[in-house]
Amino acid sequence: MEIEIEMEKEKGSVPEAGGPEIAFFDVETTVPRSGSSYALLEFGAVLVCPRRLVEVGSYSTLIRPGDLAAISANSVRCNGITRDAVASAPSFVDVADVVFTILHGRVWAGHNIVRFDCARIREAFAEIGRAAPEPKGMIDTLPLLTQRFGRRAGDMKMASLANYFGLGKQKHRSLDDVRMNLEVLKYCATVLFLESSLQDVLPMNTLVYDSTVARKQDNGNASHNEREAEVDPLSNQKKISFIGNTRMLDADDPSELVVHIEEMKLDPLREDATMHGQSPPNSPDMLCATSAPSEGSSGFAGFLEPDEVSTHCISAPIAPFYQSGHKIFIHHKDCPLQLCCMGLRIHFGISTRFQDNSGRPKLNIVVDIPENLYKVLDVCDHIAQKSSQESGSTSQWRSAVRKNGHSNPPSIRLHIPTVANSDAGIYSTEIYKKEPTGNTQKLVFSKFDAAELESLFSPGKFVDAFFYIDVYDYQQYAGLRLVAKRLVLHSK
């Protein structure tokens, strides 16, 4: 008989029903034959402190079904629980009191519990003629994570999520699966927090695998051999490129990723080969493995004017990304596409409507664009949307270009990201002022001041824009984010 009780050991009993803890639970059952019903084989639960998400108690037990013959070969293949394993286990009526005490009056949590586990618990209590426990709330992580996290892990089954986060193979045993469920929830919450905090601070196309051969168009799934190519054979660590420098990052230590993100935030203005679509010396595996783009007529290396872009050479490859994920990039002739356009009229100036997690406004301006830039961005939009769908994303796609009717030119939103600088902030976009004589002067800002930028970028003024294209997929929305690298403001 396998019974594990770790709840309130000092008292020798499980907590009373209706406590404040969240009850994460899971059941293992038989695989019913045609015409038969499910039979419980195992119940496992952990009680979790809702404020700290730490385990404060656990319970698991095997359960002997009324008919051992119900445990078929298919059932054993599913969870490994054999007839011999449960032959001396308690029946459900023997453990019903403990199960009721753990579940009744608490918030229930689990993966797909609404459709499966809750129904099996109610059926088991009905079979012994007892009222089933009732929750005071329900957290089903399957629909919750599908809605909030998107289908980044494919079908969003527990096994797929565990593989996505590198948590190992799902064992299909109640207590193991419950603890894995809790870890997956923590990982997802952490990723969403980082994305929410850094979406305007850290353009994610500056953080890519060194091994950047575009994935085959197979719904975003790389083969086993392709994934092995991303791991250094000597250290078993995944290589990630940070702003032109190759660093070794422990794929099993997310905290190290945060450290390097902070390093990137503190030095955002340095010119780097990756942002300009060029491969640094002795680094043949960078995204732009072929020849670097020419300087173009703009005079800013790597940025092309719309008429210099051949739309049939635009592509949106899917490249491997941190922790078995993927990222879509916009390329022109196999190099990251970066655009510039001169004399854009500011339609809407600096907006302070939305704020980041630090309380600073998310800065952007809306500019009118000419037809040739519209055509380039429209092609980018369609190609990236197709790649997004092929990668398995179900997020709603939002166009980067806003059409303002037949009589008005189309417009785009240019983002001006800020980065942490002690307790204040600075702009990672280089801002210049162009005099009528043609002389250009770089503006230096000592602190974050949205009002100061509002006075500079007022509607009706004209600006030369140099920007790159970041493909985002966040909280069920996806699209192109146009991030300003340099803005040159025209003086009147």
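The buried residues of helix 3 (92-103) pack against strand 2 (22-29), strand 3 (40-48), strand 4 (55-62), strand 5 (107-110) and helix 4 (113-127). The model is a predicted one. Elsewhere in the chain, the largest nonpolar core comprises 48 residues, and strand 24 is among the elements that supply at least two residues to this core.

**Helix 3**
- Phe92, Val95, Ala96, Val99, Ile102 and Leu103 are the buried residues in question. They lie on the same side of helix 3 because they cover an arc of only 140° around its axis.
- An α-helix has 3.6 residues a turn, so residues three or four places apart point the same way.

**Strand 24 and its partners**
- Strand 15 (338-348) runs antiparallel to strand 24 and is joined to it by 6 bridges; here Cys341 stands opposite Ala465.
- Strand 25 (477-490) is also antiparallel to strand 24, with 12 bridges between them; Asp473 stands opposite Ala478 in this pairing.
- Arg481 lies over the face of Tyr472, at 4.6 Å from the ring centre.

**Nonpolar cores**
- Within the core of 48 residues, those with the most contacts are Ile330, Leu377, Ile412, Phe457 and Leu480.
- Strand 15, strand 16 (363-368), helix 10 (371-390), strand 19 (411-416), helix 11 (450-456), strand 24 and strand 25 each supply at least two residues of this core.
- Leaving aside neighbours within four places in sequence, the contacts of Ile412 include Ile365, Leu373, Leu377, Phe467 and Leu482.
- Another core, of 23 residues, lies apart from the largest one, and among its members are Ile22, Val48, Met156 and Phe165.

**Aromatic pairs and a charge over a ring**
- The model contains 12 aromatic pairs. The rings of Phe25 and Trp108 form an edge-to-face pair, because their planes stand at 85°, with centres 5.5 Å apart.
- This pair links distant parts of the chain, as Phe25 in strand 2 and Trp108 in strand 5 are 83 residues apart. Phe25 counts as buried at 2% relative accessibility, and Trp108 is buried at 0%.
- Phe149 and Phe165 have ring centres 5.8 Å apart and planes at 40°, so their pair is tilted. Phe149 lies in helix 5 (141-149) and Phe165 in the loop between helix 6 (158-164) and helix 7 (174-198), so the pair ties together parts 16 residues apart in sequence.
- Phe25, Phe43, Tyr59 and Trp108 form one aromatic cluster.
- The charged end of Arg130 sits over the ring of Phe100, 5.9 Å from its centre.

Technical notes
Residues are numbered from 1 along each chain as its sequence is written. This is a predicted model: local features need pLDDT of at least 70, side-chain atom pairs count only at pLDDT 80 or more; totals for chains, interfaces and linings use all residues. Side-chain values use heavy atoms; hydrogens and water are left out. Buried means under 20% relative accessible area, exposed over 50%, partly exposed in between (1.4 Å probe, protein chains only). Helices (H or I, at least four residues) and strands (E, at least two) are DSSP runs, numbered from the N terminus. The arc is that of the directions from the helix axis to the C-beta atoms. Contact means heavy atoms within 4.5 Å. Two strands pair if DSSP finds at least two bridges between them. A nonpolar core is a set of buried Ala, Val, Leu, Ile, Met, Phe, Trp, Tyr and Cys residues joined through side-chain atoms within 4.5 Å. Rings of Phe, Tyr and Trp (its six-membered ring) pair if their centres lie within 6.5 Å; planes under 30 degrees apart count as stacked, over 60 as edge-to-face and the rest as tilted. A charge sits over a ring if NZ of Lys or CZ of Arg is within 6 Å of the ring centre and within 35 degrees of the ring normal.
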